[in-house]
Amino acid sequence: MSEKRPPLEGEVYYPSPEVVAQARVKDWEALARRADEDLTGFWAAEAEELEWYRKWNRVLDDSDKPFFKWFAGAQCNIVHNALDRHQKTWRRNKLSLVWVGEKGDVRTYSYFALHRDVCRFANVLKAMGVRKGDRVTIYMPRIPEIAIAMLASAKIGAIHSVVYGGFSVDALQQRIEDSESRVVITADGGFMNGKIVELKKTVDEAVKHAPSVETVIVVQRTGHEVRIEAGRDYWYHDLMKLPLAQPVCATEVMESHDPLFILYTSGSTGKPKGLIHGHGGYMTGVYSTLKYVFDIKDEDRYWCAADPGWITGHSYIVYGPLLLGATTFMYEGSPTFPYPNRWWSLIEKYGISILYTAPTAIRGLMRFGESWPNRHDLSTLRLLGSVGEPINPEAWRWYHRVIGKGRCPIMDTWWQTETGMFMITPTPVVPLKPGSGTRPFFGQQAEILDEKGDPVPDGEEGFLALKRPWPAMALTVYRDPERYKNLYWSQYPGKYMAGDSAKKDKDGYFWVIGRTDDVIKVSGYRLGTAEVESALVSHPAIAEAAVIGLPHEVKGNAIHCYCMLRKGFKPSEELADEVKAHVAQHLGPIVRPEKVTFVDSLPKTRSGKIMRRVLKARAQGLPEGDLSTMED
């Protein structure tokens, strides 16, 4: 056993003896020390638990920093480990996926059935001309076919680019154009809050201006009438009935660092960044983190309530659980439709043992009080999780007390699209402090720095940086390696700049505060201020605009817009509502501004850069700080 640590300061929740007894790793300190002393040895041992077509000659090739190559020389395919290898064991008959639609329809897939459908759809994609290295855009609701499409693409060596089904025409078109996808996979629509989300209609508009697209495959989900263009659009169910959709398909042999997927994330320049993740390192990092942090066992029913369109869905709905041979649960709809007990009734009915969700959802459900969850038996839950943004202590306590009944540890995880896997996180045996992600994952090292790159004293806020490479890290930005280098590795040479402000307490626990750049996190989703401002000034009334995020009790942050009007337009509530609707139409409903304020001028530096921090300070009645660079 490791040496005993001194008592922790502040509000601390210790794991129960029952939790410790069933945990995979009972001595966190010992494993952390071993991984710290031998980073590559730790990750080599984790990788040995998976199957490889050819083993690596180097665990970590760091000869071209910051473009690290994990398991250099190895050959693998993530789908071999997520599906193929389970066909040789008893798990082929185990449930891989339990899916429930918003209307209550249910579908289940054993590992055998999921593997069969992935093979069939992989053969369909091959018949459509998709080859290794081709990009496939996926724009779908939360239905099993989104996972099937991802896995089928990866199986044949294609690179999937999943675009969240709530994004608008403009956002989808940008992502299709940047990736030059030849195939788009979508659905006629999806159900959310009792309404149909018109996905096919959005795709039709987006591909008008995306000349690379040759084929659109449409899953029939809602059954409402949609336009099908002859020679371009095909129904998924028709294709899957064809003789070419054979249930056997060879898995493509990939180099460890070959691209697996592109996932776009907002940037402060307005143009989304296409982060690329590869097969071998990503596979190992996701497998290991999910294994240790959520301690998944064969009898668990695991529910990550995110959307597969985000990195959380990639890593911890689709790939991670399948790599571990777990049973994962997926629900199509909203947590409050038709009543605010929808989630709690699903947990009770399907015996969910692990729930992983966002603080936004927790805060949203808190508003309805304790009576809704209290009418359900939540005794099957043994672990809870939080992701997407820092969780405020009040929401943490409610989640722990009301949902976990005081016995379920909360795995509060900090990580990013760029990291691919959990970076700062507890495991079930780690003492918890509400609002803190605790300490870095095994083998990782983080620090809080000032602008010069010097560590700040404990308790002081600074910039969060990561000191060591990790397996699931992004390989680069698609077709823009310089952007990857400049964005993440240039400010503190040799260290990864996370773009978040944070502090560390005397116990070594990290407390992430929020974004430091011009990115706003709304309901856990990262939105670039430049993207929102571009949408604002595309309105005929708006001459110039600035956007800030202000704290919101449910969303975490809400978008507030400051707009200068063109001549001939006058401020009004009607115009403000019109501008809000305009932004939502261009960027999607999640980006709808909370407030639009019309102003005569905007605070700027002499070089013309808008001083958003000044707007933020004014809005909150705080000191405006150094104004020496402000234009007179």
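Student: Which residue stands opposite threonine 327 in β17?

Tutor: Arginine 301 does. By the way, this is a predicted model, so local features need pLDDT of at least 70 and side-chain atom pairs count only at pLDDT 80 or more, while totals for chains, interfaces and linings use all residues. Residues are numbered from 1 along each chain as its sequence is written, and side-chain values use heavy atoms, leaving out hydrogens and water.

Student: Nice. How many bridges join β16 to β17?

Tutor: 3 bridges join β16 (residues 301–304) to β17, and the two run parallel. Strands pair if DSSP finds at least two bridges between them. Strands are DSSP runs of E, at least two residues, and helices are runs of H or I, at least four, numbered from the N terminus.

Student: What does the chain pass through from β16 to β17?

Tutor: Helix α11 (residues 311–323), in a right-handed β-α-β crossover. Right-handed means that, with the strands pointing away from the viewer, the path from the first strand over the helix to the second runs clockwise.

Student: And is β17 buried or exposed?

Tutor: Mostly covered: 5 of its 5 residues (327–331) are buried, meaning under 20% relative accessible area with a 1.4 Å probe, protein chains only. Thr327, Phe329 and Tyr331 point one way, Thr328 and Met330 the other.

Student: Switching topic, where is glutamine 444?

Tutor: Glutamine 444 is in the loop between β20 (410–412) and β21 (446–449). Glutamine 444 is buried too, at 6% relative accessible area.

Student: What is glutamine 444 in contact with?

Tutor: Beyond neighbours within four places in sequence, its contacts (heavy atoms within 4.5 Å) are Leu39, Trp43, Met423, Arg468, Pro469 and Trp470.

Technical notes. Buried means under 20% relative accessible area, exposed over 50%, partly exposed in between (1.4 Å probe, protein chains only).
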